[in-house]
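Subject: Structure for you to look at

Hello,

Here is the structure I promised to pass on. Please open it alongside this message; my notes follow below.

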Amino acid sequence: MQLYSFFNSSTSYRVRIALALKGLAVDYHGVNIRIGEHRADDYVQGINPSASVPALVDGDFRLGQSLAIIDYLDQLQPAPRLIPQEPQARARVLELSHAIACDMHPVNNLRVLKYLQDVLGASAAQKSAWYAHWIAEGFAAVERLLEQHGHGPWCFGEAPTLADVCLVPQVANALRMGCELSAYRRVMAVYVHADAHPAFIAAQPTRQTDFQA
Ligand SMILES: N[C@@H](CCC(=O)N[C@@H](CS)C(=O)NCC(=O)O)C(=O)O
């Protein structure tokens, strides 16, 4: 399999964690979204019509969208299962995962921040305020979800699920952007626990072949 990824992309980071947890090896292709490689015609036509990372290529099967990729990997290699099968456990994991992947990530995506700056004329300070605002809203919701339904050292129990796979990259991204996260006690406890796991370490941005300081 081939993975198209950018070291600092949180959605790529999700897929890297899932691959590492499952012990699946891939050929890694760095796509530098800072210089627009994800918008190049051959990438959009040949790899990912969404013009984003990550993308997975398995033979002649091409797939974008990190959650769809992780679901595909879960079907291909169920151990360890990241999306539970029992209906309520599955719904709970998807609820938290979507709070991050659908509510938090899209509003702070590169193309949104670029639009704010390049088209709407937002200053660097306004862009940072936007980013911090949506991080605070989002993690407050995730904290409440963990408070009401979380248990164990991971989001839900004694083993990682898709919820942890989404949480860690989103926290890492927010910390990199200088956000203060100590108020989200449960979020940070899961982050600290998960970030010490070998699969989560292997997936970190600094460990990728396309990493740039
Ligand atoms: N919902 C998609 C989002 C993919 C996405 O937008 N990835 C970001 C990097 S984290 C990207 O490629 N951004 C490029 C841009 O915004 O132009 C997924 O989960 O894969």
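Axes here are lines fitted to C-alpha atoms, for helices over the stretch in contact, with angles from 0 to 180 degrees between N-to-C directions. Helices (H or I, at least four residues) and strands (E, at least two) are DSSP runs, numbered from the N terminus.

Before the rest, the ground rules. This is a predicted model, in which local features need pLDDT of at least 70 and side-chain atom pairs count only at pLDDT 80 or more, while totals for chains, interfaces and linings use all residues. Residues are numbered from 1 along each chain as its sequence is written, and side-chain values use heavy atoms, with hydrogens and water left out.

**Helix pairs**

Which residues of α1 meet α3? From α1 come Thr11, Arg14, Val15, Ala18, Leu19 and Lys22. From α3 come Ser66, Leu67, Ile69, Ile70, Leu73 and Asp74. Contact means heavy atoms within 4.5 Å. By class, the residues of this contact are seven nonpolar, two polar and three charged. Ala, Val, Leu, Ile, Met, Phe, Trp, Tyr, Cys and Pro count as nonpolar, Asp, Glu, Lys and Arg as charged, and the others, Gly among them, as polar.

The buried residues of α3 are Ser66, Leu67, Ile69, Ile70, Tyr72, Leu73 and Asp74. Buried means under 20% relative accessible area, exposed over 50%, and partly exposed in between (1.4 Å probe, protein chains only). Those buried residues pack against α1, β3 (55–58), β4 (61–64), α4 and α7.

Now take α6 and α8. Their axes come within 7 Å and cross at roughly 80 degrees. The two are therefore roughly perpendicular to each other. On the α6 side the contact uses Phe139, Val142, Glu143, Leu146 and Glu147. On the α8 side it uses Arg185, Arg186, Val187 and Val190. The classes are five nonpolar, no polar and four charged.

**Domains and core**

The chain is divided into domain 1 (2–79) and domain 2 (87–199). These bounds come from an automatic or database domain assignment. The domain centres, taken over C-alpha atoms, are separated by 20 Å. Domain 1 gives 15 residues to the contact, and domain 2 gives 18 residues.

The largest nonpolar core has 54 residues. Such a core is a set of buried Ala, Val, Leu, Ile, Met, Phe, Trp, Tyr and Cys residues joined through side-chain atoms within 4.5 Å. Leu96, Phe139, Val142, Leu167 and Leu181 touch the most other members. Elements giving two or more residues include α1 (10–22), α4 (87–104), α6 (124–149) and α7 (162–176). The largest share, nine residues, comes from α7.

**Single residues**

Is leucine 82 buried or exposed? Leucine 82 is buried, with a relative accessible area of 0%. It lies in the loop between α3 and α4. Not counting residues up to four places away in sequence, its contacts include Ala18, Ile70, Val93, Pro160 and Val165.

Isoleucine 135 is in helix α6. It counts as buried, at 2% relative accessibility. Beyond four places in sequence, isoleucine 135 touches Met104, Asn108, Gln170, Ala174, Cys179 and Leu181.

**Backbone points to check**

Most residues other than glycine have a negative phi, and most peptide bonds are trans. Please look at these places:

- The bond from valine 53 to proline 54 is cis, with omega near 5 degrees. Proline 54 is in the loop between α2 and β3.
- The bond from alanine 79 to proline 80 is cis, with omega near -10 degrees. Proline 80 is in the loop between α3 and α4.
- Alanine 51 has a positive phi, near 55 degrees. Alanine 51 counts as buried, at 13% relative accessibility.
- Glutamine 65 has a positive phi, near 70 degrees. Glutamine 65 counts as exposed, at 53% relative accessibility.

Best wishes

Notes. Parallel < 35°, antiparallel > 145°, perpendicular 65-115°, else oblique.
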